[in-house]
Amino acid sequence: MKSLLRQLLLMTAVVSTPLAADTLADIPLADEITLSEQALQLNGAGIRSKFFMDLYVGSLYTQSPSQTLDSVLNAPRVAIRLNIVSGMITSEKMQDAIIEGFDDATDGQSQTIQPQIDAFMALFSAPIAQGDQFTLEAIKDLGVTAYKNGEKQATVEGEAFRRALLKIWLGDKPAQKSLKRAMLGK
């Protein structure tokens, strides 16, 4: 009887594991998204937290599995999706975090892409609410197209800007190391 109970528990755990992978912090994770008529697959996702509070779910979508920063930077097209899960995130806090992220991503040399950063920051001037979704489509040699709640906002051009933006989450000084590992599927 104990053996049968163990087998049933094991089967239940195996069957329920994929369901847990489809949702993170009550955010459903799409296995695939389509941007600019191109399909991208979920590479990995994790939770950005601070002081034990979940702030957002960060997801990385790629054309093929990528477990390193270099493979993401060299990919023709990737996307980072941020699903806001906390009402504590405001546009001001998001702007401050992004400015800090660009500073870390460029080793304090962000002035070379400051006009692009300023254009990008304007995308976060509108109020941010729990449930908002930001998708950042990064296209090699073009730049980054930002979407808020599925609506295209703007494209910020520049390869150096694209690389720096991706490094905010995936670089040597990421927003959160555990989030980086999760997005890279590690």
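How many nonpolar, polar and charged residues does the lining of the largest cavity have? The lining has six nonpolar residues, one polar residue and no charged residues. The model is predicted.

**Cavity**
- The count of cavities of 30 Å³ or more comes to one.
- The space in the largest cavity is about 30 Å³.
- Its lining is made up of Leu123, Phe124, Phe134, Leu136, Ala146, Tyr147 and Gln153.
- At least two of the lining residues come from strand S7 (133-139), and at least two from strand S8 (143-148).

**Largest pocket**
- The largest pocket has a volume of about 560 Å³.
- It is lined by 22 residues, and those closest to its centre are Arg48, Lys50, Leu55, Lys93 and Ala97.
- Four elements each give at least two residues to this lining: strand S4 (38-50), strand S5 (53-62), helix H3 and helix H5 (159-170).
- Helix H3 makes the largest contribution, with eight residues of the pocket lining.
- Sorted by class, the pocket lining holds 14 nonpolar, one polar and seven charged residues.
- Charged residues therefore number seven in the lining of the pocket, while the lining of the largest cavity has none.

**Helix pair H3 and H4**
- Helix H3 (residues 91-105) packs against helix H4 (residues 114-121) at an angle of about 160°.
- The axes of the two helices are 11 Å apart.
- Angles over 145 degrees count as roughly antiparallel, and H3 and H4 are therefore roughly antiparallel to each other.
- The crossing of this pair is right-handed.
- H3 also belongs to the lining of the largest pocket, as given above.

- Most residues other than glycine have a negative phi.
- Ala25 is not a glycine, yet its phi is positive, at about 50°.
- Ala25 sits in the loop between strand S1 (23-24) and strand S2 (27-28).
- The relative accessible area of Ala25 is 31%, which lies between the limits of 20% and 50%, so the residue counts as partly exposed.
- Asp26 also has a positive phi, near 65°, and is a residue other than glycine.
- Asp26 is found in the loop between S1 and S2.
- Asp26 has a relative accessibility of 73%; the cut-off for exposed is over 50%, so Asp26 counts as exposed.

Definitions and conventions. Residues are numbered from 1 along each chain as its sequence is written. This is a predicted model: local features need pLDDT of at least 70, side-chain atom pairs count only at pLDDT 80 or more; totals for chains, interfaces and linings use all residues. Side-chain values use heavy atoms; hydrogens and water are left out. On a 1 Å grid over the protein atoms alone, a cavity is a set of points where a 1.4 Å probe fits but cannot get out, and a pocket is an open set with protein on both sides within 12 Å along at least five of seven lines; lining residues have an atom within 4 Å of a point. Grid points are joined across faces, edges and corners, and a volume is the space filled by probe spheres set on the points. Buried means under 20% relative accessible area, exposed over 50%, partly exposed in between (1.4 Å probe, protein chains only). Axes are lines fitted to C-alpha atoms, for helices over the stretch in contact, and angles run from 0 to 180 degrees between N-to-C directions. Angles under 35 degrees count as roughly parallel, over 145 as roughly antiparallel, 65 to 115 as roughly perpendicular and the rest as oblique. A crossing is left-handed if the near helix is turned anticlockwise from the far one by less than a right angle, and right-handed if clockwise.
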